[in-house]
Amino acid sequence: MMDFQNVIDREQTNSMKWDFYPDVYGADDLWPMWVADMDFQAPKPVLDAMHEVINHGVFGYHRRPNSLFDATTSWLKHRFDWSVSAEQIVFTPGVVPAISHIIQTFTEKGDGIIIQPPVYFPFYALVNNNERNLLRNPLQETEEGFTMDFEDLEEKMKEAEMMILCSPHNPIGRVWTEEELTKLAELAEKHGVLVVSDEIHADIILEGKHTPFSKAAAGKDVETMTCLAPSKTFNLASLQLSYVVFENSESKKAYENHLQREFVGINNPLASAAAEAAYRHGEEWLEQMLEYVKDNVQHVKQYVENEMPEVKVIKPEGTYLIWIDMHGLNMENKELEQWLRSDAKLALSDGPNFGKEGGGFVRMNAACPRETLEEGLRRLKEAYDRLMA
């Protein structure tokens, strides 16, 4: 049984979240709840597998073992009832680099690429830095929550070669339904748009069920590429292991050829061992983590509703990230950011980082011990009370 209550001191470990927030926020006395990693240790079987590699002591050139492919396909079948063969998988050093190489392989400069803001901010850089045309299909906020604007999406698809789907969606926390994904697939088929689905949070489902986009699009004449990783699931981000699932063998070959031209693909034995152990032996840890994070999310929602009625929590269906609506405080974006830093002493992810549609929102990371979460909420409430006094 994993003790998720245990507070692990991450300071002075070169942690991006805990050691380098002063570089981003300009203050060194903030409580960090921003970067999307967990403050939990990885599963013990993962640590044991990595220790075996370390104890062997030789770190020469490494190839991914067939057993890692087997563990990965077994995980996808078990968790999502999704039949994927080893021949469909290309391992990559992170989902963001993987998408960048997909853009370079399958689009040309000036081609239109759709994103759905407010969305994970590297998507903007992926499109802009590769000199493609950024097409925005903003999500709609309704009384039932955030939804896709399919009418606008179809208009954007008339100009697009590719769409980057975030599923589950970061930072909103939506777990798209099979019906929504099927409708998206129909539009992509109609307009010949390649859909690249970032499903790095696929295992972190708090409500509902995750459907891989490629599975929802099965039987339709639409090309899909799905980007996944054990990194968010098991807190292994710095090991830089991800993979792309291809449905088209010719596209997979073209992608592999591009990676070879770019000299991408030196493999890390620690990452291979960790990923395989996680997929083979990490499910019990994952289920316990999900229950703990669900409780944390519910605690944040109830606490904010009771103690800070002008603030609104958008309860996530997936991810361990909470999208919080601060419009009730009647602050401009810069004023809100300054208040969070100087008065609340919190490092949260600022909503505008995810696009202009994120103005007035912040993102909070709930994948931490309750004690860590409580400190963040305490700081927020005390600043709120001073503001309302």
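The model is predicted, so local features need pLDDT of at least 70 and side-chain atom pairs count only at pLDDT 80 or more, while totals for chains, interfaces and linings use all residues. Residues are numbered from 1 along each chain as its sequence is written, and side-chain values use heavy atoms, with hydrogens and water left out.

**The nonpolar cores**

- A nonpolar core here is a set of buried Ala, Val, Leu, Ile, Met, Phe, Trp, Tyr and Cys residues joined through side-chain atoms within 4.5 Å.
- "Buried" means under 20% relative accessible area, "exposed" means over 50%, and "partly exposed" is in between (1.4 Å probe, protein chains only).
- The largest nonpolar core has 74 residues, and the ones with the most contacts inside it are Phe40, Leu76, Met289, Met326, Leu340 and Met364.
- Helices (H or I, at least four residues) and strands (E, at least two) are DSSP runs, numbered from the N terminus.
- Leaving out residues up to four places away in sequence, Met364 touches Met33, Val300, Tyr320, Leu321, Ile322, Ile324, Leu348, Leu373 and Leu377.
- Contact means heavy atoms within 4.5 Å.

**Two helices that cross**

- Two packed helices are described by the angle between their axes and the distance between the axes.
- For helix α5 (residues 95–106) and helix α11 (residues 249–261), the axes come within 10 Å and cross at roughly 105°.
- Axes are lines fitted to C-alpha atoms, for helices over the stretch in contact, and angles run from 0 to 180 degrees between N-to-C directions.
- That makes α5 and α11 roughly perpendicular to each other; the cut-offs are under 35 degrees for roughly parallel, over 145 for roughly antiparallel, 65 to 115 for roughly perpendicular, and oblique for the rest.
- On the α5 side, Ala98, His101, Ile102, Gln104, Thr105 and Phe106 meet Ser251, Ala254, Tyr255, His258 and Leu259 in α11.
- Sorted by class, this contact has six nonpolar, five polar and no charged residues.
- Ala, Val, Leu, Ile, Met, Phe, Trp, Tyr, Cys and Pro count as nonpolar, Asp, Glu, Lys and Arg as charged, and the others, Gly among them, as polar.

**Salt bridges**

- Side chains of opposite charge can pair when their charged atoms come close.
- The structure holds 30 salt bridges, each being a side-chain nitrogen of Lys or Arg within 4 Å of a carboxyl oxygen of Asp or Glu.
- One of them joins Lys345 and Asp29, whose closest N and O atoms are 2.9 Å apart.
- This pair links distant parts of the chain, 316 residues apart: Lys345 is in the loop between α14 (333–342) and β13 (346–347), and Asp29 in the loop between α2 (21–25) and β1 (31–32).
- Lys345 is partly exposed at 28% relative accessible area, and Asp29 is partly exposed at 34%.
- Lys301 and Glu305 also meet in a salt bridge (3.0 Å, N to O); they sit four residues apart in helix α13, so about one helical turn separates them.
- Lys301 is partly exposed at 21%, and Glu305 is partly exposed at 45%.
- Glu375 pairs with Arg378, the closest N and O atoms being 2.6 Å apart.
- Those two are three residues apart in helix α15 (residues 370–388), so they are separated by about one helical turn.
- Elsewhere, salt bridges that share partners join Arg10, Lys17, Asp37 and Asp39 into one network.
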